[in-house]
Amino acid sequence: MLETLRERLLSVQQDFTSGLKTLSDKSREAKVKGKPRTAPRLPKYSAGLELLSRYEDAWAALHRRAKECADAGELVDSEVVMLSAHWEKKRTSLNELQGQLQQLPALLQDLESLMASLAHLETSFEEVENHLLHLEDLCGQCELERHKQAQAQHLESYKKSKRKELEAFKAEQYLLKP
């Protein structure tokens, strides 16, 4: 758009320059010929003046419009830069999301593997708990057997001591009997 405007400005400038050159050439010719100025020639100069005025007005309007277009272009440029930065951030976020989504199947596979390991561990813990309960029962039985043997030994020693006492009593009674 700015390139087209530039081309138009150059075209108007060239037209303006060629018009001024033509006017100056005609003015020189008139001076060279040495003809006296007459009233009928004045309207021709005013026509050049009107042409020059028209080109000046067109040039000023084009210059004003070019400045307005440049200002609008700068405003659009700043908005484009802001939008570009905004969408670049969005693109970066989208690329990060895409990378994370590509890792999701591996994460799900790892999660399934962990769940299987947890199920296996749960089974192992139940087995260990059952074995511990059985071991506790065995320990209780062993303790009972040791206590039973201790009581049996205590009973045997008590029986022995009572037998000795009985034999001693019988021996004493035998000796005492006349």
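**Close-up views of the predicted model**

View 1. The structure holds 0 disulfides, a disulfide being counted where a pair of cysteine sulfur atoms lies within 2.5 Å. Cys139 is in no disulfide, since the nearest cysteine sulfur, which belongs to Cys142, is 6.3 Å away. Cys139 is partly exposed, with a relative accessible area of 44%, and Cys69 is also partly exposed, at 25%; here buried means under 20% relative accessible area, exposed means over 50%, and partly exposed means in between, with a 1.4 Å probe and protein chains only. This is a predicted model, in which local features need pLDDT of at least 70 and side-chain atom pairs count only at pLDDT 80 or more, while totals for chains, interfaces and linings use all residues. Residues are numbered from 1 along each chain as its sequence is written, and side-chain values use heavy atoms, with hydrogens and water left out.

**View 2. The protein chain as a whole.** The protein chain contains 2 helices and 0 strands, where helices (H or I, at least four residues) and strands (E, at least two) are DSSP runs numbered from the N terminus. Of the 178 residues in the protein chain, 4% are buried. The chain exposes about 16,400 Å², and carbon and sulfur atoms supply 60% of this area; accessible areas come from the Shrake-Rupley method with a 1.4 Å probe, and for residues only the protein chains shown count as cover.

**View 3. Leu52 and Gly19.** Leu52 lies in helix H2 and is partly exposed, with a relative accessible area of 22%. Although Leu52 and Gly19 are 33 residues apart along the chain, their C-alpha atoms are separated by 7.9 Å.

View 4. The structure holds 3 salt bridges, each defined as a side-chain nitrogen of Lys or Arg within 4 Å of a carboxyl oxygen of Asp or Glu. In one of them, the side chains of Glu88 and Arg91 meet with an N to O distance of 2.4 Å; both residues lie in helix H2, 3 residues apart, which is about one turn of the helix. Glu88 is partly exposed at 36% relative accessibility, and Arg91 is partly exposed at 44%. Another salt bridge joins Arg146 to Glu143, with the closest N and O atoms 3.3 Å apart, and this pair also lies in helix H2 with a spacing of 3 residues, about one turn. Arg146 counts as exposed, at 51% relative accessibility, whereas Glu143 counts as partly exposed, at 46%. Lys162 forms a salt bridge with Glu165, and their closest N and O atoms are 3.5 Å apart. Lys162 and Glu165 are separated by about one helical turn because they are 3 residues apart in helix H2. Lys162 is partly exposed, with a relative accessible area of 36%, and Glu165 is partly exposed, with 46%.

**View 5. Two charged surface patches.** A negative surface patch is formed by Glu68, Asp71, Glu74 and Asp77, and a positive surface patch by Lys159, Lys160, Arg163 and Lys164. Patches are made of residues with over 30% relative accessible area and no salt bridge, like charges being joined within 9 Å and nonpolar side chains (Val, Leu, Ile, Met, Phe, Trp, Tyr) within 5 Å. Lys and Arg count as positive and Asp and Glu as negative, while His and the chain ends are not counted; the place of a charge is taken as NZ of Lys, CZ of Arg, CG of Asp or CD of Glu.

**View 6. A nonpolar patch on the surface.** The side chains shown here belong to Leu94, Leu97, Leu101, Leu104, Leu107, Leu108, Leu111, Leu114, Met115, Leu118, Leu121 and Phe125, which form a nonpolar patch on the surface. Together these residues have about 1,200 Å² of accessible area. One of them, Leu118, is found in helix H2.
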